[in-house]
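I opened this entry to record what I looked up in the structure.

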Amino acid sequence: MKIIRFCVIAVALVALWGCGKEEQKREALPARVTTEVATRTTDYDQLVYVGQVVAESETMVSFSSMGALLTVNVSEGQNVAKGQVLATIDPASVKSALAGAKAQLEQALDAQERLRQVHDAGSLPEIKWVEIQSQVRQAQSQVQLLEKQMLDCRVTAPVSGVIGKGICHVGETALPGQPLMRILNIDRVRVSVSVPEKEYAGVSRATSAWLTVEALGGERFESNSLTRGIEGDALTHTYTVWASVPNPGHRLLPGMVANVRFGQQQATPAITLPVGCVQRGAEGNFVWVVKDGKAAICPVTVGRTCGNRIVIDGGLTEGTTVITQGYQRLSEGSAIKK
């Protein structure tokens, strides 16, 4: 019995010793973390959003009569001038009707001239004279109407601008009032930005806006005019803000994506870190940093919060590698792996 008890105790001690070894091995393994180098920047005090470039205004172009498209003289992206012919529809039916109306007008005018002598001689009842005059006016009105329809067989640009996408093609049937194409005014453009309602109050007409467009190699643009939407989105709880930007050379095009920053262009340079990596201990705030390949505690003093980052007022040297994720299981001197 004593031998069995001794064996059980021995097995338990071996198991505990093995567990201790495994725990030591686990502790010896480097902890995987995410790091960030502390750097002084000037854009921490700006609210950053993603916006989309839209035209300052757009004009829909359509025919006032129905017909098959005979020609389309422009293409997407083409600059057009006010009064330029954009497209035409087949005028054959209108032309035929106009020829008939002109023939009726000539007949009415001839009859009027023949009856004028009889009327002047007093041999024609007044009612007959009024009737022939009425026929002449009706024929004239019909000719004028069909001449207007002939003009309407072509559509001209009501304003100058750039042709947008969605152009109808030759052979399609144009209907009265149906959009044929769009003319965009992009001498100025607007950048549409959705701003969360809790940040909406911080954006006004006097707020500066700076845009960076990756499609143009990260080129920077300044907005000198903001317009705030008055209706919020009930699902996303956001409001639309439009930043108006001058666009000489038409380099900014509708549909381009822009990173929009609201706030001053320059601020006092400062180190900022993600809010979550700043810890609170018994002796104050601190962050975990990498020192000689191991984790170390660095006491810091913090300033105000800007979005999801916090300003570090002191205690942290620029260029220090700070652990921003994976610090939860660290202790002083822990080996780390990036």
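I took rings of Phe, Tyr and Trp (its six-membered ring) as paired if their centres lie within 6.5 Å, with planes under 30 degrees apart counted as stacked and over 60 as edge-to-face. The model I examined is predicted.

Entry 1, aromatic pairs. I then checked burial: Tyr-200 is buried at 12% relative accessibility, whereas Tyr-239, at 22%, is partly exposed. I also noted Phe-286 and Trp-288, an edge-to-face pair at 6.2 Å centre to centre and 80° between the planes. Phe-286 counts as buried at 16% relative accessibility, and Trp-288 counts as buried at 8%.

Which residues touch the most other members of the largest nonpolar core? Among its 26 residues, they are Val-191 and Phe-262. Two or more residues each come from strand 4 (47-61), strand 11 (181-196), strand 12 (209-213), strand 15 (238-246) and strand 16 (257-262). Strand 11 gives the largest share, six residues. Leaving out residues up to four places away in sequence, I listed the contacts of Val-191, including Val-53, Leu-211, Val-241, Trp-242 and Val-260. Another core, of 23 residues, lies apart from this one, and Val-33, Leu-273, Val-278 and Ile-310 are among its members.

I compared the length of helix 3 (residues 126-151) with expectation: at 1.5 Å a residue its 26 residues should span 38 Å, and the end C-alpha atoms are 38 Å apart, so the two agree. Its buried residues are Trp-129, Ile-132, Val-136, Ala-139, Val-143 and Leu-146. I found that they pack against helix 2 (92-120).

Pro-91 is in the loop between strand 7 (85-89) and helix 2. Beyond its neighbours within four places in sequence, Pro-91 contacts Leu-70, Met-150 and Cys-153. Thr-324, in strand 23 (residues 321-325), is buried at a relative accessible area of 11%. With residues up to four places away in sequence not counted, Thr-324 touches Thr-34, Thr-35, Glu-36, Pro-274 and Cys-277.

Conventions. Residues are numbered from 1 along each chain as its sequence is written. This is a predicted model: local features need pLDDT of at least 70, side-chain atom pairs count only at pLDDT 80 or more; totals for chains, interfaces and linings use all residues. Side-chain values use heavy atoms; hydrogens and water are left out. Helices (H or I, at least four residues) and strands (E, at least two) are DSSP runs, numbered from the N terminus. The expected span of a helix is 1.5 Å times one less than its number of residues. Buried means under 20% relative accessible area, exposed over 50%, partly exposed in between (1.4 Å probe, protein chains only). Contact means heavy atoms within 4.5 Å. A nonpolar core is a set of buried Ala, Val, Leu, Ile, Met, Phe, Trp, Tyr and Cys residues joined through side-chain atoms within 4.5 Å.
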